[in-house]
Amino acid sequence: MPSADLEALWVTFKLAAITTLSLILVCPPLAWWLAHSRSRLRPMVEAIVALPLVLPPTVLGFYLLLAFSPQYSVGAMFEGLFGHSLAFSFAGLVIGSMIYSLPFVVQPLQSGFVTMGTGELEAAATLGMGRWKRFHYVVFPMTKRSFLLAAMLGFAHTLGEFGVVLMIGGNIPGETQVISIALFEHVEALAYDQAHMLAGGLLALSMALLVFIYGFLQQNERRWGYW
């Protein structure tokens, strides 16, 4: 495999890992609020979270590119703090990927929080457990499957990003060039052997990841009856 493709593969996995970890850390409070809030704002927030599911990636990428440019407040603030532009940078890719993969992490968590009920939490509260202890000892053990599914979907979805990362990051080798863009370049150059290598590798990896996760979940369901 050419060194440029190896660099693109490394950037892709690094982007997927950082994006997934960041979303798993920041999404549970939002998912919990969506699962239990009766606010009139909830439909609007749910629509915003789900927007990347229906919005063309290039549209989202275009508006994020404008927001990240130094001519607008977000981009200007970032450049003032860190000394470089948010657009066409790896940091910009991470933020864009988090927004684009947000529903794939929030929705499984929200479903898990809805189905777990409140009886156990009420019992834990009567025992004097604080919010963090209730989450650690009650919520998380009862929704492990939802967290695993959310992480899996967020990671897999980030692996296949194309439109958003191309609009925000361009195609800078070793910095913002991900495997999907490298694959597109090979196809454009009619280098089908290299394209087959990348596409087949990603296909096998994605299939192996899904089989492993669903097999692991099935084993735990048989062992404990729920997860």
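A patch, as used here, is made of residues with over 30% relative accessible area and no salt bridge, and nonpolar side chains are joined into one when they lie within 5 Å. The model on screen is predicted.

**Stop 1**

Select Leu21, Leu25 and Val26. These three residues form a nonpolar patch on the surface, and their accessible area together is about 310 Å². Leu21 belongs to helix α1, which covers residues 3-36. Is Leu21 buried or exposed? Leu21 has a relative accessible area of 53%, and the limit for exposed is over 50%, so Leu21 counts as exposed.

**Stop 2: the whole chain**

Zoom out and colour by secondary structure. The protein has eleven helices and zero strands, so the pattern along the sequence is helix after helix, α-α-α-α-α-α-α-α-α-α-α. The C-alpha trace spans about 65 × 45 × 30 Å along its principal axes. Of the 227 residues, 36% are buried. Among contacts with a separation of 6 or more, 70% are between residues 24 or more positions apart.

**Stop 3: the annotated segments**

Select residues 9-215, where UniProt, in an unreviewed entry, places the feature "domain: ABC transmembrane type-1". This stretch is 80% helix and 0% strand, and its end C-alpha atoms are 26 Å apart.

The unreviewed UniProt entry also places "transmembrane region" features at 15-35, 47-66, 86-106, 147-168 and 197-217. Two of these can be selected in turn:

- Residues 47-66 are 90% helix and 0% strand, with 22 Å between the end C-alpha atoms.
- Residues 86-106 are 81% helix and 0% strand, with 25 Å between the end C-alpha atoms.

**Stop 4: the largest nonpolar core**

Show the side chains of Cys27, Val105, Val106, Leu109, Phe113 and Met116. Within the largest nonpolar core, which has 18 residues, these six touch the most other members. At least two residues of this core come from each of α1, α5 (90-115), α6 (119-126), α7 (131-142) and α8 (144-159). Which helix supplies the largest share of this core? Helix α1 does, with six residues.

Now centre on Met116. Apart from neighbours within four places in sequence, Met116 is in contact with Trp32, Leu121, Val138, Val139, Met142 and Thr143. Then move to a second, separate core of 17 residues, which includes Val11, Leu64, Ile168 and Ile181.

**Stop 5**

Select Gly170, in the loop between α9 (163-169) and α10. Not counting residues up to four places away in sequence, Gly170 touches Phe88, Val165, Thr176 and Ile181. Draw a distance from Gly170 to Val11: the two are 159 residues apart along the chain, and their C-alpha atoms are separated by 13 Å.

**Stop 6: helix α10**

Finish on residues 179-188, which make up helix α10. Which residues of α10 are buried? They are Ile179, Ser180, Ile181, Ala182 and His186. One of them, Ile181, is also among the contacts of Gly170 and belongs to the second core. Beyond the helix, select Leu190, which follows α10 and has a positive phi, near 60°.

Terms used. Residues numbered from 1 in each chain as written. Heavy atoms only, no water. UniProt positions renumbered as here; feature names shortened; annotations may be inferred. Helix = DSSP H or I, 4+ residues; strand = E, 2+ residues; numbered from the N terminus. Patch = residues over 30% accessible without salt bridge, like charges linked within 9 Å, V, L, I, M, F, W, Y side chains within 5 Å. Areas by Shrake-Rupley, 256 points an atom, 1.4 Å probe, with all protein chains shown as cover. Salt bridge = Lys/Arg side-chain N within 4 Å of Asp/Glu carboxyl O. Buried < 20%, exposed > 50% of the residue type's maximum accessible area, 1.4 Å probe, protein only. Contact = heavy atoms within 4.5 Å. Core = buried A, V, L, I, M, F, W, Y, C linked by side-chain atoms within 4.5 Å.
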